[in-house]
Amino acid sequence: MSVLLDIRGVTRRYPRPRKRLFQEEAPLVAVDNVSVQIAQGRTLGIVGESGSGKSTLARMVMAFEAPDAGEVLFEGKNIHALTRRELQALRPEFQMIFQDPFGSLDPRRSVGWSVAQPLRAAGRTADPALIARTLEQVGLRAADVDRFPHQFSGGQRQRIAIARAIVTRPKLLVADEAVSALDVSVRAQILNLLMDLQEEMGLGILFISHDLAVVSSLCDDLLVLRNGVVVEQGSAAGILNAPGHEYTHTLLTAARLELQGEGAA
Amino acid sequence: MTTRAINLRIGAFLVIVLSAVALLSLVWTPYDHTMLSVTEKFRPTSAAHWLGTDQLGRDVLSLLMAASVNSLAVAFIAVGVGGAIGTALGLTASACGGWVETAIMRLADLGFAFPALLFAIMLAAAFGPSLSNAILAIAFINVPIFARVARGAANQIWTRDYVLAGRAAGASQFSLTVEHVLPNISAALIVQATIEFAVAILAEAALSYLGLGAQPPMPSWGRMLNEAQTLMYLAPQLAIYPGLCIIAAVLGFGLLGDGLRDVSDPRLARGRA
Ligand SMILES: Nc1ncnc2c1ncn2[C@@H]1O[C@H](COP(=O)(O)OP(=O)(O)OP(=O)(O)O)[C@@H](O)[C@H]1O
Ligand SMILES: [Mg+2]
């Protein structure tokens, strides 16, 4: 089993606004020396409360921003050391699904346009048959290509976003809170879809969530973050059965309570 | 109906009437507006001349109609050219960020600080007064205005997830700008263009009034006003008619622009929530 994504000692700092004239404010360390790997076809869950640096890590994995220290290797290549052209050529291999299904699709573009975007950007032809097949693969109809995002529900939009993310047959999918904005019942459908796609396509998934309950159903491995620091990491089953840290325990209790609350409602 | 809706309707009505008259004058005016007549000077309103004739015996209605085309054409070209250049600069600033953005916006500040009238006078001094120099001056004031509006609106669009998704897809800054940013700020640009149209019509009238714009025999509301000035006691209507035209045009585009902004802004805000 080969390593798909290798995150090595990655650190990201953000400057904080100065409060006093003669005193430089210490920078905010959003991600602090994080190392973790994802193997081909496996799912890594990243959990942590709000502000723990999950999205910052995702942005670095997607090469939207560069780390201040450490490196991100995709199939052995340091993505932050690539030229723009090389990075562009590699982009079809790793794609992303966003949290807000209403914000991640351009309201002025048709479904077909959005789904074909990664193909066009990579200089490939956007074969209509491929678009149709991809839409069907995520549970939509081939005829939906000509419709616009506002004609779909949140769950359907997330399916469109997933179609866009898998149309280039990537090896890695980064999902940042991809189901958090959805209703509980829809959430399960989307999670099932992701698992099916993983099986079909051998996708590696970086699954980010503040909700341990969601993560536990999906992930092989787990990374628990708090204020940018790794609190715990290892196999998901191991951590969920026997959390080795007070913080993980708190997250777990909160997740169980929420689950019970939803079950009662 | 709210006051805003009424404003929008009044604005739209004035703009439509004005545009219709301008279009009509291209194919038909009651008289040839260049036709002089010594015997027909200073005629009052009559069945033959609805708005009378001027000091040279020309039909005033025909003059006003022909001048409306010039007013609209000047505004259209000036706002179009200045707006396009300004929008391109604003989009570039927003797409590049960093020192490029700072440099472009400092230039825009400089453009703002530079009075358009002064620029028009300089152009006239250097190349002689002409309508094309007036257009250039009006286009010039539009560049920094559109640069600011485009950059402000574009910066908001760049933070949207769909732009990030485009980046993840591998699209270049240029195609992200053309495919996502520009279409999504077009409403803001159209509103601004409508408002600047009003300003441009007023500016053209002012420059022509000062002799820096349309040159005889080209009809212009501003120059008609200027020529009527010395005849105020003799024939005040010759000043009143072009004045009313200017007011109607400026008010029409101004109300339409304001109304469009009121309609488009809150809806966009609500659609996002
Ligand atoms: N561009 C930025 N500039 C300055 N600070 C930032 C920036 N992006 C993130 N931060 C800060 O870095 C920290 C981590 O943010 P991040 O968005 O990665 O957290 P998160 O775990 O994704 O939280 P959430 O669950 O709320 O999405 C936060 O304190 C945040 O305020
Ligand atoms: Mg986040």
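## The annotated span in chain A

Let's start with residues 5-252 of chain A, whose end C-alpha atoms lie 27 Å apart. This span is 34% helix and 25% strand. Please keep in mind that the model is predicted. In UniProt, an unreviewed entry lists residues 5-252 of chain A as "domain: ABC transporter".

## Around ligand 1

Now to the ligand. There are 13 residues around ligand 1, and those that come nearest are Ser50(A), Gly51(A), Lys54(A), Ser55(A) and Thr56(A). Gly51(A) places a backbone N or O atom 2.8 Å from an oxygen atom of ligand 1, and for Gly53(A) a backbone N or O atom lies 3.0 Å from an oxygen atom of the ligand. Ser55(A) uses its side chain instead: one of its polar side-chain atoms lies 2.7 Å from an oxygen atom of ligand 1.

Taken alone, ligand 1 exposes 630 Å², and the protein buries 61% of that area. Two elements of chain A, strand S2 (28-39) and helix H1 (54-61), each give two or more residues to the shell around ligand 1. H1(A) gives the most, with four residues.

## A nonpolar patch on chain B

Over on chain B, Leu23(B), Leu24(B), Leu26(B), Val27(B) and Trp28(B) make a nonpolar surface patch of about 570 Å². One of these residues, Leu26(B), lies in helix H1 of chain B, which covers residues 3-27. Leu26(B) counts as exposed because its relative accessibility is 59%, and the cut-off for exposed is over 50%.

Notes. Residues numbered from 1 in each chain as written. Chains lettered and ligands numbered in written order. Predicted model: local features only at pLDDT ≥ 70, side-chain atom pairs only at ≥ 80, totals over all residues. Heavy atoms only, no water. Patch = residues over 30% accessible without salt bridge, like charges linked within 9 Å, V, L, I, M, F, W, Y side chains within 5 Å. Areas by Shrake-Rupley, 256 points an atom, 1.4 Å probe, with all protein chains shown as cover. Salt bridge = Lys/Arg side-chain N within 4 Å of Asp/Glu carboxyl O. Buried < 20%, exposed > 50% of the residue type's maximum accessible area, 1.4 Å probe, protein only. UniProt positions renumbered as here; feature names shortened; annotations may be inferred. Near = heavy atom within 4 Å. Polar contact = N/O pair within 3.5 Å; in protein donor to acceptor, adjacent residues only side chain to side chain.
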